[in-house]
Amino acid sequence: MLHNVYDVTVIGGGPIGLFTAFYSGMRHLKTKLIECTSELGGKITMFYPEKTLRDIGGITGIKGEKLVKQLIRQAQTFDPTICLNQRISDLERLEDGCFLLKSETGETHRTRTVILTVGAGIWKPIKLDIPHAERYERGNLYYSVDRLESFRGQRVLISGGGNSAVDWANELAPIAKEVTVIHRHNKFYSHERSVSDMKAKTKVLTPYTVKALHGDGDVIQSVTVEHAETGLTKRMDIDALIVSHGIQGDYGKMAHWGLDMREERFVVNHAMATNIPGIFAAGDAVTYPYKLKLIAGGFQEGPVALNSAASYINPNAESMAMYSTHHETLLKMNHESLY
Ligand SMILES: Cc1cc2nc3c(=O)[nH]c(=O)nc-3n(C[C@H](O)[C@H](O)[C@H](O)COP(=O)(O)OP(=O)(O)OC[C@H]3O[C@@H](n4cnc5c(N)ncnc54)[C@H](O)[C@@H]3O)c2cc1C
């Protein structure tokens, strides 16, 4: 089959993949973005479309879905090819030095360089380890919060101690009738400010775990929680149980491409280069000392990876794109109306 050869193929259409695709266009590189789900936006779209993000430079607060919308519009500025519903699984180095990427569904893509912005791969929430708990997933047992409004007036129990649990507790506090947060440890793993807000706005029980679910098989009516040290239990009537015990990622066959990995992430150097020449990576997919596991960190890494890809394709290429203020294409656009 004859292939169109791309300069850069970004695998993963999360926030970092989208921004990297935009930056690739700024550098006049022929760009393709491949995402395995039917929607762009990565974890924001999957986990927290309605959460307000407040830790992105220059943006005082923005809903997740709005940020994704803006990232998509920005990514489309230079008209990259965007492919959805294709999980890239195989990689082959061709004789001319290009890569041939193959998806699980059989599509192939030819490219000079690859930028991996695949996050943790295909994610799955860590489920509640209680027999038959999955039956309640069609009722009121949730592993993510899609619509805050659907919890209005409810008694919500949140189990978990990380960022998501704390954020959801804070977002739901003004909407729900009552929010209780239980966590198996006394310490919460989130921003101090968010934890203190949560403690002020919700009922927090630590160290507690969910021990049993009571309901009719479709809807949970009450939950038994157990003190992790004393073993004492109490039963709580609830309308919704949100479990936020983390997520497990799976890179599938990508984990066997020969890329160096540590702590289940791809190892990159300061240039965001992996150990395979021509393959770069950015965002949640990477690990290196002092890695900032935030969107702000990925917004720096994507352009660095892209500049490295540009130098790999042409060693005489400029080390970075010109400022956006001086960019011909961007100058021709009325930016205020676009963004
Ligand atoms: C609940 C929650 C709240 C958060 N709040 C904040 C916050 O307030 N501020 C902040 O800065 N960060 C926050 N984060 C972290 C932030 O979401 C991540 O840092 C960010 O999403 C990383 O973006 P990414 O593009 O690297 O990866 P992801 O968002 O994970 O996107 C990766 C994409 O790659 C796709 N993909 C994976 N494998 C393949 C494959 N083989 N082929 C094709 N596509 C593939 C996935 O489907 C996904 O769309 C939060 C995270 C969570 C879970």
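**Reading a domain interface and a ligand site**

Modeller: Let's start at the ligand: a polar side-chain atom of Asp55 lies 2.9 Å from one of its nitrogen atoms. That is a polar contact (a pair of N or O atoms within 3.5 Å; within protein, one must be able to donate a hydrogen and the other to accept it, and residues adjacent in sequence count only if both atoms are side-chain atoms). The model is predicted, so local features need pLDDT of at least 70 and side-chain atom pairs 80 or more, while totals for chains, interfaces and linings use all residues. Residues are numbered from 1 along each chain as its sequence is written, and side-chain values use heavy atoms, without hydrogens and water.

Biologist: Which residues are closest to the ligand?

Modeller: Near means a heavy atom within 4 Å. Here 31 residues surround the ligand, the closest being Glu35, Lys43, Tyr48, Lys51 and Asp284. The side chain of Lys43 has an N or O atom 2.8 Å from a ligand oxygen.

Biologist: And how do I read the size of an interface?

Modeller: It is often given as the accessible area lost when the parts come together. With a 1.4 Å probe, summed over both parts, domain 1 and domain 2 bury about 710 Å², 39% of it on carbon and sulfur atoms. In domain 1, Phe47, Glu50 and Lys51 lose the most area to domain 2, together 62% of what that side buries.

Biologist: How many salt bridges cross the interface of domain 1 and domain 2?

Modeller: The rule wants a side-chain nitrogen of Lys or Arg within 4 Å of a carboxyl oxygen of Asp or Glu, and finds three across this interface.

Note on methods: Buried area is the accessible area (1.4 Å probe) that two parts lose on being put together, summed over both.
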